[in-house]
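Subject: Structure handover

Hello,

Here is the structure for your files. Notes on what was found in it follow below.

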Amino acid sequence: ILQRFTRPDFIIHLRLAVRARVEHLTGHGTDHFDPKDHVIRLSDSVYNVATPAAVGVAAHEAGHAVQYARHYAPIYIRAAIVPVTNIGSRLSMPLIVLGLALSGLGQVFYYVALAGVACYGLCVVFQLVTLPTEFNASHRALRAIEESALLLPEEQVAAKRVLTAAALTYVAALSVTIMQFLRLLLIVLLCLHLPHSRPDKPYL
């Protein structure tokens, strides 16, 4: 495995390829690219080893660095909506619970519940934007691995499997988020149409 590159050689190659610092980050599964400091941070299982899986993960994070360098629109959109998404995810459930609990006091509280569902919908938007961003980073990673001959052909297959599996986790996350969004929306709409929960004279 990696007969042409030792681990230090690979890290140097990665730095030169994306012109970004590469730092070691304690832990597992914490690999990421920090656009603010222009740093690729790799976890113990990636930084300290030289395997097809580690190369794939590191190249994927380098792919994010390239996205910023080449002004790839989806990653800028994702970064821009992160603050709003965080606020929406924190407010969604309290608004839904409050709106449904007080729905008997007036129709205005249904709108509070619907606002909570809309806040959760921001998570769906974030996941939708994340999907092409991650797939594109993996595509860039595989292309870079092939062009730089970092891995042997059979090792490239292993790296591709790792990157494909990682990308599919984002597909699964999007599916779960959409299902939860539809579930919350259905609950609110059903409560909205319950005869006993709609007063004749809504309190405004």
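The sheet comes first. Three strands form an open sheet with mixed pairing, in the order E1-E3-E2. Strand E1 (21–24) and strand E2 (32–34) are the edge strands, each pairing on one side only. From one strand to the next, the twist averages 25 degrees. Strands and helices here are DSSP runs numbered from the N terminus, with at least two residues (E) for a strand and at least four (H or I) for a helix. Two strands count as paired if DSSP finds at least two bridges between them.

Before the details, the conventions. This is a predicted model, in which local features need pLDDT of at least 70 and side-chain atom pairs count only at pLDDT 80 or more, while totals for chains, interfaces and linings use all residues. Residues are numbered from 1 along each chain as its sequence is written, and side-chain values use heavy atoms, with hydrogens and water left out.

Overall composition

The protein has six helices and three strands, and from the N terminus on its elements run α-β-β-β-α-α-α-α-α. Of its 204 residues, 38% count as buried. Buried means under 20% relative accessible area, exposed means over 50%, and partly exposed lies in between (1.4 Å probe, protein chains only). The protein exposes about 11,300 Å², of which carbon and sulfur atoms supply 67%; the areas come from the Shrake-Rupley method with a 1.4 Å probe, and for residues only the protein chains shown count as cover. Among contacts between residues at least 6 apart in sequence, 66% join residues at least 24 apart, where contact means heavy atoms within 4.5 Å.

The sheet in detail

Strands of a sheet pair through backbone hydrogen bonds, in either a parallel or an antiparallel sense. E1 and E3 run parallel and are joined by four bridges. E2 and strand E3 (residues 39–42) are antiparallel, with three bridges. Ile40 in E3 is the bridge partner of Phe33. Arg41 in E3 stands opposite Glu23 and also opposite His32. Val39 and Arg41 point one way from E3, Ile40 and Leu42 point the other way, and all are buried.

The hairpin of E2 and E3 has four residues between the strands, and His38 there takes a positive phi near 55 degrees. Gly27 sits in the loop between E1 and E2. Gly27 counts as buried because its relative accessibility is 19%. Apart from neighbours within four places in sequence, Gly27 is in contact with Ser43, Asp44 and Ser45. The C-alpha atoms of Gly27 and Ser45 are separated by 8.0 Å, with the two residues 18 apart along the chain.

Salt bridges

A salt bridge is taken as a side-chain nitrogen of Lys or Arg within 4 Å of a carboxyl oxygen of Asp or Glu. By this rule the count comes to five salt bridges. One of them joins the side chains of Arg21 and Glu23 at 3.0 Å, N to O. Arg21, at 45% relative accessibility, is partly exposed, and Glu23 is partly exposed with a relative accessible area of 26%. Arg41 forms another with Asp37, where the closest N and O atoms are 3.5 Å apart. Here Arg41 is buried at 16% relative accessibility, whereas Asp37 is partly exposed at 38%.

The side chains of Glu134 and Arg78 also meet in a salt bridge (2.9 Å, N to O). Glu134 lies in helix H5 and Arg78 in helix H4 (residues 73–101), so this pair ties together parts that are 56 residues apart in sequence. Both count as buried: Glu134 has 4% relative accessibility and Arg78 has 16%. Salt bridges that share partners join Arg21, Glu23, Asp34, Asp37 and Arg41 into one network.

Surface

Phe135, Leu168 and Val171 make a nonpolar surface patch of about 240 Å². Patches are made of residues with over 30% relative accessible area and no salt bridge, with like charges joined within 9 Å and nonpolar side chains (Val, Leu, Ile, Met, Phe, Trp, Tyr) within 5 Å. Phe135 is found in helix H5 (residues 108–148) and counts as partly exposed, at 37% relative accessibility.

Regards

Note on methods
Axes fitted to C-alpha atoms, helices over the stretch in contact; angles between N-to-C directions.
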